[in-house]
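Thanks, everyone. I have one model to show, and I will keep it short.

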Amino acid sequence: MFKKVLIANRGEIALRIHRACKEMGIATVAVHSTADENAMHVRLADESVCVGPPAPKDSYLDIPAIISAAEITGADAIHPGYGFLSENARFADIIEAHNITFIGPRAEHIRVMGDKIAAKEAVGKAGIPLVPGSKGELKSIDEARAAAEKIGYPVLVKAASGGGGRGMKLAPTANDIEEAVSTAKTESKAAFGDDAVYLEKYLTLPRHIEIQIIADAHGNVVQLGERDCSLQRRHQKVLEEALSPALTNDERVKIGETVRKAIESLGYLGAGTIEFLYENGEFYFIEMNTRLQVEHPITEQVTNIDIVREQINVAAGNKLSFTQDDISFHGHSMECRINAEHPKTFAPSPGKITSFHAPGGPGVRFDSAIYTGYSIPPYYDSMIGKLVVWADNRELCIARLRRALSEMAIAGIETTIPLFIDLVENPQFQAGDYNIHWLEKWLAEKA
Ligand code: ADP
């Protein structure tokens, strides 16, 4: 097992990884920017290294600075968390070249899944159902037109390198295709330095359902069931639940096994998530994330598996500590992403937290790095905590969520807590009757 792990991240996920390491008897190294000197991940880690100024590109994304920090402190592994360098294949290659272990998948898999066109081809061959779409990259507008005619409008133009909902443009009719392609290309070039785009059938009222998997280097792959992440705003997840209220147990078993077999055939290592859109009983692959996800705790709650611990375990070359037969699902879990944002306008609200009271009690978990007196810097993501609740069934889970939300107090900044307080009272949410557009419609009606 590793002796010392460097955590190449900040905020709640840096704490989450630190906690897993401590429970495994592993020392931790935090890296931080000058803006994060007083951050909780720095305070809790055994050692810390300042890697640069506030801008992510000069600190948390600075590969030489992070490798130097690992070498100076003698770390034998690096955990990238999510975001930042977590899906950077070059980073994984460089780490390995320095004889340090990357706690994540092999670089080749990060590379393939990072290119959505290559990813669709790879998982399609492995037996995973795809969204009908163009055969690879669109080389010209004529090709786009022909592909769209074949698939049928509406179609979605998507960036091969896309992420965070960027580089995605809807073409409702043939009149819109030219503009959709050119805007998607421009946006993608600006955001990702790559203007390759492809086409997909636009599914009108799907749910977003994703399967968590984890694999070791000995050929064992286990799937940990699904998460329903349909409650989104601007293609960003807002509240997630496990398991999905929309699937029958037969559907769950079938898609889980399809995914497990496909991942096994790809020879994948570590944790990963296969994302699908789900409509009229059918699953359509959209992408694979080759990293730990923000919403992993809800899967941990319903399976009793510590996903981060297991990531570290398999990265060290050990076998998974469980088999598929050991996995069963119990109860229901939900996660609210608490952002430092105005709950109506969603304007970022950085600044000093003048007082903070965390919710607690049975079935409540609050993954966060905030504390009273902490100043949220304006340079990073606005998510400041994840309220995760678990109960015996979905109805009790909602009751517990309502109770936990009412206990939580964060003063000095605006947060999205009021949004969730409203949401839990909504009958359609309570019935689990929603799709990927539902939340935005609800927000618009409320405004
Ligand atoms: P990103 O990597 O930018 O997050 P994804 O491919 O994961 O992009 O898609 C993000 C979200 O965009 C999905 O959860 C869904 O809400 C929407 N979306 C993506 N593809 C389609 C599609 N073919 N039809 C309808 N909605 C889609």
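A word on the ground rules. This is a predicted model, so local features need pLDDT of at least 70 and side-chain atom pairs count only at pLDDT 80 or more, while totals for chains, interfaces and linings use all residues. Residues are numbered from 1 along each chain as its sequence is written, and side-chain values use heavy atoms, with hydrogens and water left out.

Helices first. Two packed helices are described by the angle between their axes and the distance between the axes. Helices (H or I, at least four residues) and strands (E, at least two) are DSSP runs, numbered from the N terminus. Axes are lines fitted to C-alpha atoms, for helices over the stretch in contact, and angles run from 0 to 180 degrees between N-to-C directions.

Take H3, residues 63-73, and H4, residues 89-97. They pack at about 30°, with axes 11 Å apart. H3 and H4 are therefore roughly parallel to each other. The cut-offs: under 35 degrees is roughly parallel, over 145 roughly antiparallel, 65 to 115 roughly perpendicular, and the rest oblique. H3 passes H4 in a right-handed crossing. A crossing is right-handed if the near helix is turned clockwise from the far one by less than a right angle, and left-handed if anticlockwise.

Who makes the contact? From H3, Ile63, Ile66 and Ile67; from H4, Arg90, Phe91, Ile94 and Ile95. Contact means heavy atoms within 4.5 Å. The residues of this H3 and H4 contact divide into six nonpolar, no polar and one charged. Here Ala, Val, Leu, Ile, Met, Phe, Trp, Tyr, Cys and Pro count as nonpolar, Asp, Glu, Lys and Arg as charged, and the others, Gly among them, as polar.

Next pair. H7 (residues 141-151) packs with H8 (residues 177-192) at about 120°, axes 10 Å apart. H7 and H8 are therefore oblique to each other. H7 passes H8 in a right-handed crossing. Ile141, Ala144, Arg145 and Ala148 in H7 meet Ile177, Glu178 and Val181 in H8. That contact of H7 with H8 holds five nonpolar residues, no polar and two charged.

On to rings. A pair of aromatic rings is described by the distance of the centres and the angle of the planes. How many aromatic pairs does the structure hold? Twelve. Rings of Phe, Tyr and Trp (its six-membered ring) pair if their centres lie within 6.5 Å; planes under 30 degrees apart are stacked, over 60 edge-to-face, and the rest tilted.

Tyrosine 371 and tyrosine 374 make a tilted pair, 5.3 Å centre to centre, with 40° between the planes. Tyrosine 371 is buried, at 14% relative accessible area. Tyrosine 374 is buried too, at 10%. Buried means under 20% relative accessible area, exposed over 50%, and partly exposed in between (1.4 Å probe, protein chains only).

Tyrosine 434 and tryptophan 438 are also tilted: 6.5 Å between centres, 45° between planes. Tyrosine 434 is buried at 4%, and tryptophan 438 is buried at 8%. There is also a cluster: ring pairs link Tyr60, Phe84, Tyr379 and Tyr380.

Now two single residues. Arginine 260 sits in helix H9, residues 249-266. Is arginine 260 buried or exposed? Buried, at 13% relative accessibility. Neighbours within four places in sequence aside, arginine 260 contacts Val221, Val222, Gln223 and Gln324.

Glycine 270 lies in strand S12, residues 270-279. Glycine 270 is buried, at 5%. Its C-alpha is 6.1 Å from that of aspartate 216, 54 residues apart along the chain. Again leaving aside neighbours within four places, glycine 270 touches Ile213, Ile214, Ala215 and Val314.

Last, the backbone. Most residues other than glycine have a negative phi, and most peptide bonds are trans.

The bond from tyrosine 153 to proline 154 is cis, omega near -5°. Proline 154 lies in the loop between H7 and strand S6 (155-163). The bond from alanine 242 to leucine 243 is cis as well, omega near -5°. Leucine 243 lies in the loop between strand S11 (236-242) and H9.

Phenylalanine 84, one of the cluster rings, has a positive phi, near 35°. It is partly exposed, at 28%. Arginine 234 has a positive phi of about 50°. Arginine 234 is exposed, at 60%.

That is the tour. Questions, please.
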